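Colleague: Thanks for sitting down with me. Could you walk me through the charged side-chain pairs here?

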Amino acid sequence: FAWSRNYRNYRRPMKSFLNEELQHYENMNATNPIRNKKEMEKLEEQFSFIMRVSRNIFSESDGAFRKWEKSAKSGKWGWSSSIVAPFWDACYLAFADLLFDFPTEPIYAQSKDDLQKAIQDLFESEKLDISGTVTVAKFMERKDIIYSTLKA
């Protein structure tokens with residue numbers, strides 16, 4: 001959730017950015033433990049919602065935060081075997097934004113096939129670039145592409 005709170009201030013390296021975010025919450029806890037507790041509860045609720053929605057859309061084997069890619073061996077499309085961090089980051093924030101527009105989980109479950117297909121189409125059409133160095137602009141472009149695709 002460091003990205004969702006403070007992505008505009010991201011500077012490389014990632015480790016420093018994440019350490020600064022942790023320091024923010026430690027300082028807040030020392031100066032205002034009640035506010036920190038409420039903010040942490042809100043972030044935990046958001047994280048849990050996003051994980052539940054992701055499980056509603058994708059099962060373990062079909063793509064949660066994985067890349068849809070063409071096999072060099074068979075030529076067939078399928079989900080990668082591991083989570084892809086740049087896709088995870090952008091998807092997480094896109095889902096967090098969608099939470100405001102569509103705050104109930106059944107909507108996502110009912111649209112599961114359409115949402116999966118939309119993500120697959122992004123990869124097949126090469127509209128979603130998850131390669132290269134992360135910049136705020138590239139991150140936001142990824143998030144916006146995923147958000148607008150899922151919202152449609």
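Colleague: Is D97 buried, partly exposed or exposed?
Modeller: Keep in mind that this is a predicted model. Buried means under 20% relative accessible area and exposed means over 50%. D97 has a relative accessible area of 25%, so D97 counts as partly exposed.

Colleague: Which helices does the pair K151 and D101 tie together?
Modeller: The side chains of these two residues form a salt bridge at 3.5 Å, N to O. K151 is partly exposed at 40% relative accessible area, and D101 is partly exposed at 34%. The two residues are 50 residues apart in sequence, so the pair ties together helix α7, with K151, and helix α4, with D101.

Colleague: Which residues do salt bridges with shared partners join into one network?
Modeller: Through shared partners, the network is made up of D97, K143 and D144.

Colleague: How many residues apart are K37 and E41 in helix α3?
Modeller: K37 and E41 form a salt bridge, with their closest N and O atoms 3.3 Å apart. K37 is exposed at 54% relative accessibility, while E41 is partly exposed at 41%. Both lie in helix α3 (residues 33-57), about one turn of the helix apart, that is, 4 residues.

Conventions
Residues numbered from 1 in each chain as written. Predicted model: local features only at pLDDT ≥ 70, side-chain atom pairs only at ≥ 80, totals over all residues. Heavy atoms only, no water. Salt bridge = Lys/Arg side-chain N within 4 Å of Asp/Glu carboxyl O. Buried < 20%, exposed > 50% of the residue type's maximum accessible area, 1.4 Å probe, protein only.
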